[in-house]
Amino acid sequence: MPAWLYILRLESGQLYAGSTTDLDRRIEEHYSGHACRTTKIDPPVELVYSEGWATFADARRREAQIKRWSRSKKEALVSGDLAKLKELAK
């Protein structure tokens, strides 16, 4: 079953990573305040990044990886700056 890793920018400027098998539904849940405590308290302002994966397990592994990253590394991913992302990975 296809799945997605996604990153939302929240009102505070923070980046929130998540994964789902239905991207449109999950994003709507975040915008309506029904997805999780984090986005209920600090609502999303935009979907800034998504990646498609073959399985939900793959998307969850990627989510866990990204959640361990620094903010600057996440920002490099979101902006598509692969050179900076590589540099930060060292």
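Accessible areas here come from the Shrake-Rupley method with a 1.4 Å probe, and for residues, only the protein chains shown count as cover. On that basis the protein exposes about 5,500 Å², with carbon and sulfur atoms supplying 51% of it. Keep in mind that this is a predicted model: local features need pLDDT of at least 70, side-chain atom pairs count only at pLDDT 80 or more, and totals for chains, interfaces and linings use all residues. Residues are numbered from 1 along each chain as its sequence is written, and side-chain values use heavy atoms, with hydrogens and water left out.

**Overall build**

- The protein has five helices and three strands; helices (H or I, at least four residues) and strands (E, at least two) are DSSP runs, numbered from the N terminus.
- Of the 90 residues, 41% count as buried; buried means under 20% relative accessible area, exposed over 50%, and partly exposed in between (1.4 Å probe, protein chains only).
- Take the contacts (heavy atoms within 4.5 Å) between residues at least 6 apart in sequence: 55% of these join residues at least 24 apart.

**Charges and salt bridges**

- There are 16 positive and 13 negative side chains, and the centres of the two sets lie 8 Å apart. Lys and Arg count as positive and Asp and Glu as negative, while His and the chain ends are not counted. The place of a charge is taken as NZ of Lys, CZ of Arg, CG of Asp or CD of Glu.
- Side chains of opposite charge can pair when their charged atoms come close.
- The structure holds nine salt bridges, each being a side-chain nitrogen of Lys or Arg within 4 Å of a carboxyl oxygen of Asp or Glu.

- E75 and R9 form a salt bridge at 3.0 Å, N to O. This pair links distant parts of the chain, with E75 in helix α4 (residues 71–79) and R9 in strand β1 (residues 3–10), 66 residues apart. E75 is partly exposed at 23% relative accessible area, while R9 is buried at 19%.
- E29 and R26 also form a salt bridge, their closest N and O atoms being 2.8 Å apart. Both sit in helix α1 (residues 23–32), three residues apart, which is about one turn of the helix. E29 is partly exposed at 22%, and R26 is buried at 18%. These two also belong to a network of salt bridges that links D22, R25, R26 and E29.
- E51 pairs with R62, with the closest N and O atoms 2.9 Å apart. E51 lies in strand β3 (residues 44–53) and R62 in helix α3 (residues 56–67), so the pair ties together parts that are 11 residues apart in sequence. E51 is buried at 13%, and R62 is buried at 15%.

**A lysine without a partner**

- K73 is in helix α4.
- K73 is buried yet has no salt bridge, and the nearest side chain of opposite charge, E51, is 12 Å away.
- Leaving aside neighbours within four places in sequence, K73 is in contact with L85, L88 and A89.
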